[in-house]
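Subject: Structure for your review

Dear colleague,

Please find below the structure that I am handing over to you.

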Amino acid sequence: MEKKILFLIAVAVMIFAGLEASAQMKLGGNLVLGTKLSIDDDGSEAAAFGIGVKGLYELNESFSIAPGFTYFFPSSPSGIDLTEYVLDVDAHYNFVKEETLKVYAIGGLNYSYIDASVNFGEFGTFSGSDSKVGLNLGIGARTGGDVQFFGDFKYNTAYENVNLAVGVLFNI
């Protein structure tokens, strides 16, 4: 499993290492709300907040590549510890191409990981993890300029989760 993570990170690094730094390349951060990532006290699914980093490389006026990583902070009942993160590589198709606003369709791949540990007191701790590769499908918008604000709404098929992200991108 760790080899999969390292492989995906290596692919993202190679993509960006082969690209020249210019005004077309951006890097930033975001806050994310993900549905179905926490566990309520009654055992039902609940939303979780996360923080992320996002890159953006504009291939041309219509297409961009946007790799990203999000680490979630899920809540859970006492005695249960959850760790969750998602590694994305998305493509954006801009269907609104104004200088001050881009609206785009999102399609891409994600690697989603979850680890759970349950403490049974004197009987010990049980832990397990799961990871899946899935698709991202969604829509987003971003402003123009040297500092760009963005919002993404996308569905992650791996864990059937909807993510809403807002953030900022800077030219590098």
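A cavity, as the word is used here, is a set of grid points where a 1.4 Å probe fits but cannot get out, and its lining residues have an atom within 4 Å of such a point. Please note that this is a predicted model.

With that definition in hand, the cavity may be described. The structure holds one cavity of 30 Å³ or more. The space in the largest cavity comes to about 170 Å³. Its lining is made up of 18 residues; those that lie nearest the centre are Asn-30, Thr-70, Asp-88, Lys-154 and Ala-165. Sorted by class, the lining has nine nonpolar, five charged and four polar residues.

Which strand gives the largest share of this lining? That is strand 3, from which six residues come. At least two lining residues each are supplied by strand 1 (25-39), strand 2 (45-58), strand 3 (63-73), strand 4 (80-97), strand 7 (147-156) and strand 8 (161-171).

Read from the N terminus, the order is α-β-β-β-β-β-β-β-β. The protein has 172 residues, and 38% of them count as buried. Among contacts with a separation of 6 or more, 53% are between residues 24 or more positions apart.

Yours sincerely,

A colleague

Definitions and conventions
Residues are numbered from 1 along each chain as its sequence is written. This is a predicted model: local features need pLDDT of at least 70, side-chain atom pairs count only at pLDDT 80 or more; totals for chains, interfaces and linings use all residues. Side-chain values use heavy atoms; hydrogens and water are left out. Helices (H or I, at least four residues) and strands (E, at least two) are DSSP runs, numbered from the N terminus. Buried means under 20% relative accessible area, exposed over 50%, partly exposed in between (1.4 Å probe, protein chains only). Contact means heavy atoms within 4.5 Å. On a 1 Å grid over the protein atoms alone, a cavity is a set of points where a 1.4 Å probe fits but cannot get out, and a pocket is an open set with protein on both sides within 12 Å along at least five of seven lines; lining residues have an atom within 4 Å of a point. Grid points are joined across faces, edges and corners, and a volume is the space filled by probe spheres set on the points. Ala, Val, Leu, Ile, Met, Phe, Trp, Tyr, Cys and Pro count as nonpolar, Asp, Glu, Lys and Arg as charged, and the others, Gly among them, as polar.
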